Amino acid sequence: METVVSGIRSTGNLHLGNYFGAIKNFLRMQDENKCYFFVADYHSLTTHPTPENLMNGVRQVIIEYLACGLDPEKCTLYVQSDVPQVTELYLLLNMNAYVGELERCTSFKEKIRKHPENINAGLLTYPTLMAADILLHRANKVPVGKDQEQHLEMTRTFGNRFNRMYNTEYFAEPTAFNFGTQLVKVPGLDGSGKMGKSEGEGNAIFLNDIEQVITKKIMRAVTDSGPTEPNQPKPEAIQNIFTIMKLVSKADTLEHFENAYNNCTIRYGDMKKQLAQDMNHFVAPFRERIWELQSNNAYIRSVIKMGKEKALESATKTVKEVREIVGFREI
Ligand code: TYM
C-alpha cells in the first residue's frame, strides 16, 4: 500500500485539466492506498483573496471533489489550513531551501512575468510549502498533472537534503504519478499552452459550466482555415482540439476527424459541434452532482470535520518526529 498525497488550489472551479491531470487518478487510487487529498487554501493566499472568496473557494473545491467521486470514507479529504502543522514543516524545510533554486523554478519565473506587481515571498517559497504538504504524510506517490513535475523534483531535493543533514532516512522519495505512461497536460481552447483557471475567459471548460457556455466556448476555440495538403502535421491550436476530443469523444469519432484532417476535407465547424455535444454529455453528470451538493451544508461540514481529524493524526505524528530529529528535545 502506498501513501498518496495531492491537492488543488482553492482559487476557482475545477476544470477538465484538473480532472484528467489529477482527479481521475485520485479516484483509482483511493480504493487501495492511504490517500490524503486536500484543498490548498494556504497556497491560494499568494493571490490575496478576500476572506469571503477564500471561504467560498474552499467550499467549492470540497463540493467538486465529492462530485467527482472522491469518497471521504475511503480517503482523507481535508482543508490544508485545518492542519497548521504543515506550516511548521514548511518553516523547517525553508531553512535548507536555497533562494537560487527557488528563483530558478519555472512556475515562479512565469508568475514574475505575468504578475510583476505581486512577487511575494509566498510565491518564491511555494515549492517548499508544497513539499511540506507531501512530506507531512510521508507520501511516496503524488498524482498530479505535467505542470507539477518540477515541484515534485524539488520536493525530493528538500526531503533528501533533510535526510542527509540529519543523517536519517525519515522521508521517502515521492514521485509524480499517473496511471498512464506519462503525466497529463490538457491544452486550453485558446490555441496555446495549457488549460487553467487563470488563463483567461474561454480557455477552460469547468465541471460546473452550463450547456450553452460549453457550446459557446468550444465554438469559439481557435482554429485556422484548414489543411491544404494531405497528411501534414497539425498546427498547435488544431492539435489541441484533437487532444481535447480524445478525452471526451468516442474513438471512432476521433478517427473520423483525423481522417478528414489528413485528406483535407475537415470542416472545423462540424468538428466543434461534435466536440461540444460530447463535452456536454461528459460534463452534465458532474454539474448535476455539484448543484445537488451545493445545498447540503450539513454534509459538507461533516466531511470537512472528518478529514481534519484524520489528517491531524498523521500530521501531528510527523511533525513531532521531525522536531525530535531537528533537535527540539527536552532540556
Ligand atoms: P493546481 O490547483 O494548479 O492544479 C491542481 C491539479 O490539476 C493539475 N492540472 C492539470 N493537469 C493537466 N492539464 C492541465 N491543463 C492542468 N491544470 C491543472 C495540476 O497538475 C494539479 O495536479 N501546486 C498545486 C497544488 C498543490 C499540490 C500540493 C499538489 C499544493 N500542494 C501537494 C500536489 C501535492 C497546484 O497549484 O495545482
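1. Basis of the values. Because the model is predicted, local features are taken only at pLDDT of at least 70 and side-chain atom pairs only at pLDDT 80 or more, whereas totals for chains, interfaces and linings use all residues. Residues are numbered from 1 along each chain as its sequence is written, and side-chain values use heavy atoms, with hydrogens and water left out.

2. Domains. The domain assignment, which comes from an automatic or database source, gives domain 1 as 3-176 + 297-326 and domain 2 as 197-291. The C-alpha centres of domain 1 and domain 2 lie 31 Å apart, and 17 residues of domain 1 are in contact with 14 residues of domain 2, contact meaning heavy atoms within 4.5 Å.

3. The domain interface. Domain 1 and domain 2 bury about 1400 Å² between them, with 66% of that area on carbon and sulfur atoms; buried area is the accessible area (1.4 Å probe) that two parts lose on being put together, summed over both. Across this interface the rule finds 0 salt bridges, a salt bridge being a side-chain nitrogen of Lys or Arg within 4 Å of a carboxyl oxygen of Asp or Glu.

4. Helix H8. Helices (H or I, at least four residues) and strands (E, at least two) are DSSP runs, numbered from the N terminus. In helix H8 (residues 126-135), 10 of the 10 residues are buried, so the helix is largely enclosed by the rest of the structure; buried means under 20% relative accessible area, exposed over 50%, and partly exposed in between (1.4 Å probe, protein chains only). Among the buried residues of H8 are Tyr-126, Asp-133 and Leu-135.

5. A search of the whole structure finds 13 salt bridges, and one of them joins Glu-321 to Arg-138, with the closest N and O atoms 3.7 Å apart. Glu-321 lies in helix H14 (residues 297-326) and Arg-138 in the loop between H8 and strand S4 (141-143), so this pair ties together parts that are 183 residues apart in sequence. Glu-321 also meets Lys-317 in a salt bridge (3.2 Å, N to O), and, being 4 residues apart in helix H14, Lys-317 and Glu-321 are separated by about one helical turn.

6. The side chains of Lys-194 and Asp-147 meet in a salt bridge at 2.8 Å, N to O. This pair links distant parts of the chain, 47 residues apart, with Lys-194 in the loop between strand S5 (175-177) and H10, and Asp-147 in the loop between S4 and helix H9 (149-165). Lys-194 is partly exposed at 30% relative accessibility, and Asp-147 is partly exposed with a relative accessible area of 41%.

7. Backbone angles. Most residues other than glycine have a negative phi. His-48 has a positive phi near 55° and lies in the loop between helix H2 (41-44) and helix H3 (51-68), where it is exposed with a relative accessible area of 54%. Cys-264 has a positive phi of about 65° and lies in the loop between helix H12 (251-262) and helix H13 (268-294); Cys-264 is partly exposed, with a relative accessible area of 27%.
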